Structures are given as C-alpha cells and as structure tokens.
Amino acid sequence: MMPAIEFRDVYFRYNEDAPWVLKKFNLKIKANETVAIIGHNGSGKSTIAKLANGLLVPQAGEILINDRKLTTSNVWEIRQKIGMVFQNPENQFVGTTVKDDVAFGLENRGVSRKEMIERIHTSLTEVGMEDYQNHEPHNLSGGQKQRVAIASVMATYPGILLLDEATSMLDPRGRKEILSTINDLKEELEITMVMITHDLHEITLADRVIVMNEGQIYIDTTVDQLFNDHQGLQSIGLSLPLTVELAIELEQYDYQFATYPLDNEEFLEALWTSNLKK
Amino acid sequence: MKSFMIIGQFVPGNSMVHRLDPRSKLMVIFTFVIIVFFANNSVSYGWLTLFALILILLTKLHIGYILKGITPVWFLIIFTFILHLIITKEGPVLIDIGGFAIHKGGVLQGLTISWRFFLLVLVTSLLTLTTSPMEITDAIEELLAPFKKIKVPVHELALMMSISLRFIPTLLDETEKISKAQASRGVDLRTGSIKDRVYAIVPLLVPLFISAFKRAEDLAMAMEARGYRGSEGRTKLRQLQFKKLDYMAMIIYLLIILIFFSLR
Amino acid sequence: MDIQFEKVSYTYQVNTPFSYQALKDINLEIKTGEFVAIVGHTGSGKSTLLQHINGLLLPTEGRVQVGDFLLSRKNKRQDLKKLREKAGVVFQYPEHQLFEETVERDISFGLKNFQVPADEIQTRIMDALEKVHLSEDVLAKSPFELSGGQMRRVAIAGVLAMNPEVLILDEPTAGLDPKGQQDIMNMFNHLHKTKNMTTILVTHQMNHALAYADHIFVLADGSVQMEGTPKQIFSQADELKKANLDMPDVLSLIKRINQMFGTDIAYERRQPAALAKEIAERLRENKRL
C-alpha cells in the first residue's frame with residue numbers, strides 16, 4: 001500500500017542563522033496507521049506536522065502525501081485531504097459560535113448550505129457536541145473547544161488527521177474527553193492519524209511510536225517495545241511513566257516483565273504472572 | 001469571568017424584538033436617527049417617545065438595566081442641556097443670578113436637544129441589547145453587498161469584524177489576567193502622578209501586544225490549514241431571511257412615521 | 001503569615017443579568033509554613049479564591065485575614081501593595097507577563113515597584129536566579145529569545161525575588177511536558193522545605209497535590225467540599241469523584257495491588273525505588289504465609 005505521508009531527506013530550519021530543526025529526515029506513514037511522535041520540546045516534532053500540510057516549506061528534500069509530491073501549486077488541493085488540530089484551543093476557533101466554526105472549513109470548500117448543515121450535525125455528534133451548536137467559544141471549556149476543532153476538521157472528510165499537541169493545554173477532564181474522541185474516530189473511521197504529543201495516554205492509542213531527538217528519529221518502534229530502551233529515553237530528557245518505573249525497579253527483585261506495562265491493569269497482570277513463577 | 005460590562009452589551013432573549021431580522025432592525029434604527037431631527041413640537045416628540053417606550057416593553061428587558069447601560073452617556077446629555085441653558089438667550093428671563101440670566105428659550109432648547117439625544121442613544125442601545133454582534137455583522141454584510149460591484153471588499157470586512165468580535169472576550173480576559181499579574185508585582189494604576197500611571201501601562205501593553213500577535217499568527221495558520229483563501233468560491237452557512245414578523249413590523253413602522261409627519 | 005477565610009462569598013458582575021457567584025461561604029485556614037493544595041475542577045472557583053489572598057479581589061461578603069491585613073468590602077482603603085510584596089503569586093502561564101528588554105530588568109521590575117533599596121537588588125536577582133536554576137548568562141538576554149521553559153523560570157524568578165512570605169502557585173506546570181512538570185514542582189518543594197515558605201498550590205493535578213501538600217482543600221461549585229491531609233482526602237474516592245476529580249495515579253495503582261494480592265501497602269510518599277522494594281517484600285511475605 002502506498003504511504004499516506006512520506007518525508008524524503010527533508011531539511012528544515014526557521015531561518016538561515018538558526019540550527020536545523022530537521023536534518024536529512026526520512027519518514028513513512030502508512031495509510032490508516034495511527035502514529036505517535038514524541039520528543040522533548042524543541043526536538044522538531046511539531047515542525048513535522050506543519051511541513052506535512054504545507055504550512056511550512058522545507059529548504060531541501062521532498063514531502064509526499066498519498067504519493068503526490070507537495071508543491072506550491074498543489075498545496076491547496078492536497079491540504080483538503082489533511083486535517084490539523086493545533087495546540088491552543090483558543091487560537092484556532094475562527095467562528096463566533098460552534099456551528100460557525102465547523103462551517104468555516106466547509107464554506108472554504110464551497111460545500112452547499114444544505115449539505116453543510118448535515119455535515120455540521122454529523123461531525124458535532126461524533127465528538128459529542130451536538131447540543132452546543134449555538135454556543136460561543138468563551139462559554140466553552142478548553143476540552144470542548146478542542147472537540148469542536150476536531151469536529152471542524154472531520155466535517156471536511158480528511159484522509160489524514162494531524163494532532164499537534166492537541167491535549168497539552170487541557171485540564172485532566174478535557175484531556176480525557178479528547179482521548180476518548182480520538183479513540184472513537186480511530187475505531188469508526190478509516191483514517192491516518194498522527195499524534196504529536198508528550199502524553200502517555202495518547203501514545204497508548206498508537207500503533208507505532210516515533211521518538212524524535214535533535215531533528216532526527218531516535219527510535220521508531222511499537223508502543224509495547226518503546227520502553228525497552230528506558231535509559232536511552234531518559235538520557236534524551238523523557239520521563240518514564242510510573243508503571244514502567246516500578247517495573248524497572250521490581251526487576252531487581254527478580255520480577256520479570258515481558259514488555260514494560262503502560263497502565264495499571266497491564267502492570268498487575270505482569271506482576272501476577274511473574275509472582276506465580278517465582 | 002469578566003468583572004466589567006460593555007455599554008449596550010447583548011442580552012440573549014426571545015422577545016419579538018430579538019427575533020426580528022437584524023436587517024430590519026438596522027434599517028429602523030438608521031431611519032429613526034434621521035427622523036428624530038424632524039421632530040419640532042411636543043406632540044411629535046411625545047409620539048417618538050411613545051414609540052421608544054413601546055419598543056422597550058417589547059424587548060422584555062428591565063428598563064432600569066437599559067437606563068443603567070447608557071450611564072456613561074448621561075453626562076453628555078446633561079452637558080448638552082446646560083450648554084443650551086447658558087448660550088441661548090431667547091424669550092423671557094426666568095431667573096437672574098447676579099447678571100447671569102436663564103431664558104425660557106434656553107430651557108426649552110436645552111430640553112428638546114437633550115431629549116433628542118437621549119432618544120437616539122436609547123433606541124440605538126436597544127439594537128445592540130437585542131441583536132448579537134454577529135447578527136449585526138451579517139446584516140451589514142448583506143446590506144452592503146451591492147457595493148461589491150465597485151470592488152469594496154465587503155466579505156473581507158465582514159470576516160475581520162466577526163473575528164474581532166470573536167476575540168473581544170478572549171482579549172478582555174487576557175487584559176484582566178495580565179493586569180492582575182502585574183498588580184501582583186506591585187504595579188499600581190490607581191495612584192501616583194500622571195507620568196507614573198502612563199509608565200504603569202507599559203507592562204500591560206507589551207505582553208498584550210505580544211500575545212495578540214501570537215494569536216493572530218496562530219489563527220492565520222489555523223485558517224490556512226482549514227483551506228481559507230478569500231471569498232472566491234466560498235459558500236455561506238449564515239443566511240438571513242425576512243419573516244412574516246419583519247414585514248408586519250415594517251408596515252407598522254411605516255404607519256408610525258406617517259403619523260409622526262402628520263403631527264409635526 | 002497565617003491566612004484565614006471567614007464566610008467568604010464572591011459574585012462577579014453584581015446586579016447585572018450576567019452576575020455569577022463564584023465563591024459561596026468559604027471558611028478555611030492556612031498556617032504559616034504549610035504547603036497547602038487547593039484542588040478543584042476548572043470553574044470550581046479556585047482561581048477566584050487565590051485572588052482574594054493578595055487583595056486582587058475583595059470578598060463580596062465575609063472577610064479574609066492575611067497576616068495583619070484584613071480584607072473585606074468595608075475595608076477598601078489600605079495599602080495593598082505591602083500585602084502583595086509579601087504574598088507573591090505565580091499565575092498560570094506566568095511567561096505571558098514578561099515585557100522588559102532583558103531578563104535582568106524583568107526580574108527587577110517587582111523589586112523596583114516595591115522600592116527595594118538599589119544596593120540590594122543585584123543580590124536579590126542572583127539569589128532568585130539560583131533558586132530557579134538559571135545561569136547568569138541569561139541576564140543580559142531578551143526574555144523572548146529564551147525557550148518556553150526558561151521563560152517560565154524567569155517569570156517565577158521575578159516573583160521569588162520579592163522574597164514573599166507566602167507563595168501562591170496557580171497551575172504552575174500547565175503546558176509543560178512531564179519532565180518539565182517534575183522539575184518545576186521539585187523546585188517549589190525544595191524552596192518550601194529549605195526556606196519554610198508558606199506555599200499554596202492551586203491545581204487540578206491530583207498527583208502533585210498528593211506528592212507535596214500537607215493539607216488539601218477540595219473546591220467544587222464555589223464551596224469547600226472536603227479538607228484534610230492527603231491521606232484523609234484520597235481515602236474518600238467517592239467524594240472526590242463528586243467533585244469531578246481523579247485519584248492520583250500512584251494511589252489507584254497501590255489500591256489495585258492491595259486488592260489483587262491481599263496486601264496493605266501504604267504510599268507514605270515513597271519514591272518508585274522504595275515502593276518497589278515494599279511491593280517485593282510484601283509479596284514475598286504473602287507467599288510464605
């Protein structure tokens with residue numbers, strides 16, 4: 001199958017005096033794959049999303065979306081296939097009400113009014129915001145605004161969804177709302193999803209995890225295998241989840257973990273099995 | 001959480017006035033502003049006042065709240081009255097205080113002019129109290145649509161207006177937040193010399209501008225990502241439609257105007 | 001400085017159709033030198049509450065006593081500047097308040113406002129810089145060329161330089177990655193421990209409340225719903241749920257371990273290494289039985 005997103009030897013920096021954010025960067029994301037990209041701040045992870053939909057242009061290298069090279073002449077057309085949710089819920093809310101905000105992307109695409117109303121309804125229902133159609137943004141919580149942002153993107157039927165630290169400014173409840181929304185989308189639709197994040201809960205939703213460090217891929221692995229190199233991850237400034245930390249410590253007491261557990265139930269199961277064998 | 005209030009701030013509701021098409025309301029206000037200047041006797045003034053009162057009743061808003069909303073304008077109304085009292089020297093002298101005379105003409109002139117002013121402000125504030133800023137923007141865009149032919153960027157202007165409206169609460173919150181943060185660092189906007197106070201605004205303005213620019217940049221990027229490239233080929237969700245209520249209101253309003261001119 | 005709230009209520013936009021009561025009959029007491037967490041969901045009134053402590057808001061009803069300062073409706077005219085010097089607030093996203101041309105000038109901004117003697121300012125700046133773990137060479141830089149994390153530290157240094165007796169922290173870790181969150185919280189905890197600074201942490205992160213606070217107030221709908229030590233608070237999972245709050249991760253894990261293995265492991269603020277040791281020992285004991 002052709003890759004949904006492909007980076008070929010991409011170089012990028014914000015200006016000529018600045019250091020390279022991405023250096024000879026290569027990446028292939030398959031269609032309908034869910035990928036998490038993690039890394040500490042300044043590792044170049046956010047730049048990837050902005051390059052992928054042409055908001056930034058690389059100094060060298062090629063970016064291909066659905067096997068088509070992204071150029072200045074086809075960027076608007078290709079962008080129709082890529083939806084993007086940004087970090088700050090406030091700064092991406094264009095409309096004066098929820099309904100208007102979802103409509104914005106559809107109006108830009110010249111969708112008829114009749115179809116617009118249908119799509120607004122469907123996509124707001126998908127994210128559980130159908131009762132808020134006429135609400136104004138300042139009466140919504142951060143999590144609700146972010147759900148509207150997702151609905152706005154989904155209403156345009158993108159094949160690829162880029163989430164650029166979409167949960168990092170939310171409170172715990174908002175974060176949970178977004179995670180369950182993302183999970184639903186993943187289960188119900190055929191969509192390629194790229195989550196740029198440092199939230200472990202988001203990572204567990206992914207099929208594949210890419211760790212970025214200094215403009216390059218540090219590891220490209222699966223969620224299960226991610227913490228095998230826990231020393232390496234810590235050395236590039238990532239912190240370990242509690243269950244992984246405990247598992248590592250318990251290894252000193254001859255407990256065995258086939259994979260490092262990412263949530264409580266996994267941890268308990270592994271501990272139980274290992275305890276029996278002792 | 002805003003602890004301050006804007007003059008004529010929109011109060012959501014479902015009264016007849018709320019439900020009118022914003023274009024109808026704009027046209028009524030616009031013509032009313034002109035008509036007020038044609039009032040020339042107490043009967044015609046009374047007729048317009050009656051009209052304003054009925055409008056207020058129809059909005060189902062509390063009259064005290066409406067009057068409080070125009071508090072900042074009271075000063076101007078009273079000032080207008082006093083000004084006419086002093087400068088108009090017509091008719092018999094009513095009071096003479098140490099060579100400074102108040103004439104009957106001055107009182108009458110003062111009353112009519114300030115009453116006219118009061119009616120203007122009152123009725124205009126009814127528009128903003130019962131119409132959301134977004135509806136007003138829509139109405140302006142629709143009413144100005146013919147000017148697109150002579151290359152007036154009506155769509156862009158309307159979008160700019162709607163985005164500004166959208167970000168007013170955000171920026172107010174931000175202003176409050178930053179001024180509180182700086183107050184916690186010892187900035188005092190209330191006391192000190194004028195020079196001190198002007199300097200005290202800098203720590204508020206710089207962060208506000210920085211954040212506004214950052215927001216503008218983010219917003220531009222988000223709009224681009226969602227495929228915004230100007231008005232061409234764009235459809236619209238918001239559509240205004242005249243209803244039966246609007247036609248009825250227009251007919252009644254026309255009658256009111258006709259009666260008004262017959263009373264002059 | 002002891003802090004006491006007596007029957008405090010606060011209403012925004014009184015006498016308008018938009019009026020909204022954010023605090024309802026709050027009673028609470030914070031002793032000098034304590035580390036207190038005020039937790040609650042967004043909209044529970046915790047930000048409104050914190051603004052009462054340094055007089056940014058005056059209670060609509062009731063009174064707030066902070067050291068020698070009595071704050072109430074009736075007592076509007078007093079020098080709140082003195083109070084604000086003693087009760088420093090680190091607001092959410094404090095880097096948004098930076099405005100000076102250099103880091104040095106921004107840190108000294110508060111000091112100048114509070115008329116700290118000129119010869120003392122330099123030492124205060126260096127002191128504050130050390131507390132937030134920034135090196136001297138940032139002083140001459142513009143705060144806007146620093147990274148987000150560094151900007152936040154500069155803003156915090158600006159508050160610490162005032163040598164406040166009470167430090168009020170409003171979601172100080174918001175928007176940081178997990179590592180950054182840990183670093184910042186450890187820094188505040190260290191200050192609290194070494195300088196005996198009264199610290200009030202306003203947060204919705206239960207993990208932080210559990211790890212650092214001596215005493216916790218749970219706010220819901222503008223009222224104090226629960227108060228007590230972390231142990232007391234987090235033993236009432238149902239009550240906490242009513243306030244729309246979660247259990248801290250480590251406690252829910254321990255609870256599950258205890259359920260599964262029939263152990264009675266307690267958290268006791270143990271680091272993962274010590275906790276792992278405890279788990280291993282208890283499981284071994286269990287086997288022997």
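Q: What is the strand order in the open sheet of chain A?
A: This is a predicted model. In chain A, six strands form an open sheet in the order β6-β7-β8-β3-β9-β10, and the pairing is mixed.

Q: Which strands stand at the edges?
A: Those are β6 (82-85) and β10 (216-221) of chain A. Each has a single partner strand, so one side of each has no neighbour in the sheet.

Q: And what does the twist average from one strand to the next?
A: The average is 20°.

Q: In what sense do β3 and β9 of chain A pair?
A: Parallel: β3 (residues 34-38) and β9 (residues 208-213) of chain A are joined over four bridges.

Q: Which residue in β9(A) is the bridge partner of A:Ile38?
A: A:Ile38 has A:Val211 as its partner there.

Q: Which strands does helix α5 of chain A touch?
A: That helix, residues 142-154, packs on the sheet and touches β6 and β7 (160-164) of chain A. Its direction is at about 170° to that of β6(A).

Q: Switching to chain B. Which residues form the nonpolar patch on the surface?
A: The patch consists of B:Phe75, B:Leu76, B:Ile78, B:Phe79, B:Ile82, B:Leu83, B:Ile86, B:Ile87 and B:Phe100. Together they have about 860 Å² of accessible area.

Q: Which helix gives the most to it?
A: Helix α5 (residues 71-87) of chain B, with eight residues. B:Phe75 has its place in that helix.

Q: Is B:Phe75 buried or exposed?
A: B:Phe75 has a relative accessible area of 59%, so B:Phe75 counts as exposed, the cut-off being over 50%.

Key. Residues are numbered from 1 along each chain as its sequence is written. Chains are lettered from A and ligands numbered from 1 in the order in which they are written. This is a predicted model: local features need pLDDT of at least 70, side-chain atom pairs count only at pLDDT 80 or more; totals for chains, interfaces and linings use all residues. Side-chain values use heavy atoms; hydrogens and water are left out. Two strands pair if DSSP finds at least two bridges between them. Helices (H or I, at least four residues) and strands (E, at least two) are DSSP runs, numbered from the N terminus. Axes are lines fitted to C-alpha atoms, for helices over the stretch in contact, and angles run from 0 to 180 degrees between N-to-C directions. Contact means heavy atoms within 4.5 Å. Patches are made of residues with over 30% relative accessible area and no salt bridge: like charges are joined within 9 Å, nonpolar side chains (Val, Leu, Ile, Met, Phe, Trp, Tyr) within 5 Å. Accessible areas come from the Shrake-Rupley method with a 1.4 Å probe; for residues, only the protein chains shown count as cover. A salt bridge is a side-chain nitrogen of Lys or Arg within 4 Å of a carboxyl oxygen of Asp or Glu. Buried means under 20% relative accessible area, exposed over 50%, partly exposed in between (1.4 Å probe, protein chains only).
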